[in-house]
Every structure is written in structure tokens, then in C-alpha cells.
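Look at the sequence and the model shown below before reading on. The report that follows goes through the parts of the chain one topic at a time.

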Amino acid sequence: NVSKRCFPTDIAPRLLEILACGGVCISNRLPGIEAAIGDTVWFYDSIPELQEIMARIQVDQDGLRGPRKLAAREVIVHHGFTWEHRVRRILDVVPH
């Protein structure tokens with residue numbers, strides 16, 4: 001898996017993709033995610049907590065617009081997560 005070789009952390013590239021696109025990311029607690037992008041992710045520790053987060057997101061789409069834009073900017077600026085950056089990382093790993 002090229003992605004695992006390019007991003008050898010607990011953070012799956014799809015989480016960064018979700019945030020970079022302005023999506024809402026909900027995850028169980030993983031230390032690597034909390035340390036790197038914790039301010040941009042909704043974390044849950046139980047099913048009732050997950051249900052509460054889902055209900056809150058469904059009700060307040062307008063209120064999430066600002067935080068989603070900030071999360072996208074955070075991921076792009078501080079984690080260098082652009083397609084150009086990702087291709088460079090892959091080319092660093094894959095012989096060519």
C-alpha cells in the first residue's frame with residue numbers, strides 16, 4: 001500500500017482528504033489523530049456520544065460552515081495536504 005509507506009502515522013490519508021474538502025470528520029479516539037489534527041475532528045468514546053454528535057451535525061449545518069473551512073485550511077497549510085504534495089511523497093517512495 002503506497003499510502004501507508006507515504007504516511008506512516010495513525011492518520012489515514014482519507015481523514016486529511018475529508019477535512020481538506022471541507023467535510024466533517026468523526027472518529028474514535030486515536031492518539032496520533034488527536035495529536036496531529038485533534039482540533040479539526042469530532043471524537044467519540046461511546047455509541048451514545050456518537051449519536052449525539054450525529055444529531056448535532058444534522059441540526060447545525062450552517063453553524064459548521066466556518067469550522068469546516070478552518071479545518072480545510074489547517075490541513076492544507078499545516079499538513080501540506082494537496083495533490084501536488086501527495087504525488088511528491090509517492091514519488092519519493094516509489095522507484096521511478
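By about how many helical turns are Glu52 and Arg56 separated in helix H4? The two residues are four positions apart in that helix, so about one helical turn lies between them.

## The model and its confidence

This is a predicted model, in which local features need pLDDT of at least 70 and side-chain atom pairs count only at pLDDT 80 or more, while totals for chains, interfaces and linings use all residues. Residues are numbered from 1 along each chain as its sequence is written, and side-chain values use heavy atoms, with hydrogens and water left out.

The predictor's confidence in each residue is given as pLDDT, on a scale from 0 to 100. The chain averages 77, and 86% of the residues score at least 70. Where pLDDT is low, the predicted coordinates should not be read in detail.

## Helices and strands

The chain contains six helices and two strands. Both kinds of element are DSSP runs numbered from the N terminus: a helix is a run of H or I with at least four residues, and a strand is a run of E with at least two. Read from the N terminus, the order is α-α-β-α-β-α-α-α.

## Burial and the nonpolar core

Of the 96 residues in the chain, 27% are buried. A residue is called buried under 20% relative accessible area, exposed over 50%, and partly exposed in between (1.4 Å probe, protein chains only).

The largest nonpolar core has 13 residues. Such a core is a set of buried Ala, Val, Leu, Ile, Met, Phe, Trp, Tyr and Cys residues joined through side-chain atoms within 4.5 Å. Ile11, Leu15, Leu19, Ile33, Ile37 and Val41 have the most contacts inside the largest core. Helix H2 (13–20), helix H3 (31–37) and helix H5 each supply at least two of its residues, and H2 gives the most, with four.

Leu19 lies in helix H2 and is buried, with a relative accessible area of 0%. Leu19 and Val75, 56 residues apart along the chain, have C-alpha atoms separated by 6.8 Å.

Ile76 is another residue of helix H5. Ile76 is partly exposed, with 35% relative accessibility. Between the C-alpha atoms of Ile76 and Glu17 there are 9.5 Å, and the two are 59 residues apart along the chain.

## The largest pocket

The largest pocket has a volume of about 190 Å³. A pocket is found on a 1 Å grid over the protein atoms alone: it is an open set of points where a 1.4 Å probe fits, with protein on both sides within 12 Å along at least five of seven lines, and its lining residues have an atom within 4 Å of a point. Grid points are joined across faces, edges and corners, and the volume is the space filled by probe spheres set on the points.

The pocket is lined by 14 residues, and Asp39, Thr40, Pro67, Arg68 and Ala71 lie nearest its centre. Helix H5 (residues 61–78) provides the largest share of the lining, six residues. By class, the lining has nine nonpolar, two polar and three charged residues. Here Ala, Val, Leu, Ile, Met, Phe, Trp, Tyr, Cys and Pro count as nonpolar, Asp, Glu, Lys and Arg as charged, and the others, Gly among them, as polar.

## Salt bridges

Side chains of opposite charge can pair when their charged atoms come close. A salt bridge is counted when a side-chain nitrogen of Lys or Arg is within 4 Å of a carboxyl oxygen of Asp or Glu. The whole structure has two.

In one, Arg29 pairs with Asp45, and the closest N and O atoms are 2.8 Å apart. Arg29 is in the loop between strand E1 (26–28) and H3, and Asp45 is in the loop between strand E2 (42–44) and H4, so the pair ties together parts 16 residues apart in sequence. Arg29 is partly exposed, at 36% relative accessible area.

In the other, Glu52 pairs with Arg56, with 2.9 Å between the closest N and O atoms. Glu52 is partly exposed, at 46% relative accessible area, and Arg56 is partly exposed at 40%.
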